[in-house]
Amino acid sequence: MTENIVIAIDGYSSCGKSTLAKALAKKLHYIYIDTGAMYRAVTLYLKRNNIDLADESQIKESLKNIHLNFHSRDYQTHIILNDEEVSDEIRKMEVSQLVSEVSTIKAVRKELVKQQQRMGKSKNIVMDGRDIGTIVFPHAPIKIFMTADPKIRAERRYKELMEKGEDITLEEVFENIAHRDFIDTTRLESPLTRAHDAIILDNTDLNEEEQLQFVLNRVEQHITN
């Protein structure tokens, strides 16, 4: 297989980007990098330390104290924030409500994009996020842009949160997704947008196996060409 292939997956929140990316990486024996988890971990740190999101100097100083790493266990990718595994905590609603706002901060995006680009220099990787195919790896040979009906996305996310014991309503989840979509697509710094050469994957009516096969077919086409 061709060395150093980057598969860039972008799209709206709660479209199942991480689910697809993890399955794809496992199937291809690639490294999976969850950039959304990186932004969530930074958000968690800033929230825990009561950092004013409007204070650029505080943000920049805080970034010096944030160290992120990934490790794999049982075919799952776990994120470490300053030697603490926070994989579950970063998925809570209190982080979800702030992560899009944190993602608009220029200093945060600049630092994490730099880390993400470094991760993809010498390995075959699958990376998902909001700006992977447009900013982080604009020359990635395979780009996927994921979307789905907002109501379906909300229902999927609500089910996940309920299974984790979160006290939340479907309406609150839907409103959170709509709010995140607005911020992601209108922010000045690296807004969510489809790369001109990205393949659209609308998984409103697809199950996990069907969407995985959709992308595997594109990967095979790239390799054989």
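Modeller: Before we start, contact here means heavy atoms within 4.5 Å. The model we are looking at is a predicted one.

Colleague: Happy with that. What does Val108 touch, not counting residues up to four places away in sequence?

Modeller: Val108 touches Tyr39, Val42, Ile59, Leu63 and Val102.

Colleague: Which residues have the most contacts inside the largest nonpolar core?

Modeller: They are Val42, Ile59, Leu68, Val108 and Phe137, in a core of 34 residues. Among the elements that give two or more residues to this core are strand S1 (6-11), helix H2 (35-48), helix H3 (56-63) and helix H5 (106-119). H2 gives the most, with eight residues. Apart from this core lies another, of 22 residues, including Tyr30, Tyr32, Leu216 and Val219.

Colleague: Nice. Which residues of H1 and H9 meet?

Modeller: From H1 come Thr19, Leu20, Ala23, Leu24, Lys27 and Leu28, and they meet Glu208, Gln211, Leu212, Val215, Leu216 and Val219 in H9.

Colleague: And how many nonpolar, polar and charged residues has the contact of H1 with H9?

Modeller: By class, there are eight nonpolar, two polar and two charged residues. Leu and Val, for example, count as nonpolar, while Glu and Lys count as charged.

Notes. Residues are numbered from 1 along each chain as its sequence is written. This is a predicted model: local features need pLDDT of at least 70, side-chain atom pairs count only at pLDDT 80 or more; totals for chains, interfaces and linings use all residues. Side-chain values use heavy atoms; hydrogens and water are left out. A nonpolar core is a set of buried Ala, Val, Leu, Ile, Met, Phe, Trp, Tyr and Cys residues joined through side-chain atoms within 4.5 Å. Buried means under 20% relative accessible area, exposed over 50%, partly exposed in between (1.4 Å probe, protein chains only). Helices (H or I, at least four residues) and strands (E, at least two) are DSSP runs, numbered from the N terminus.
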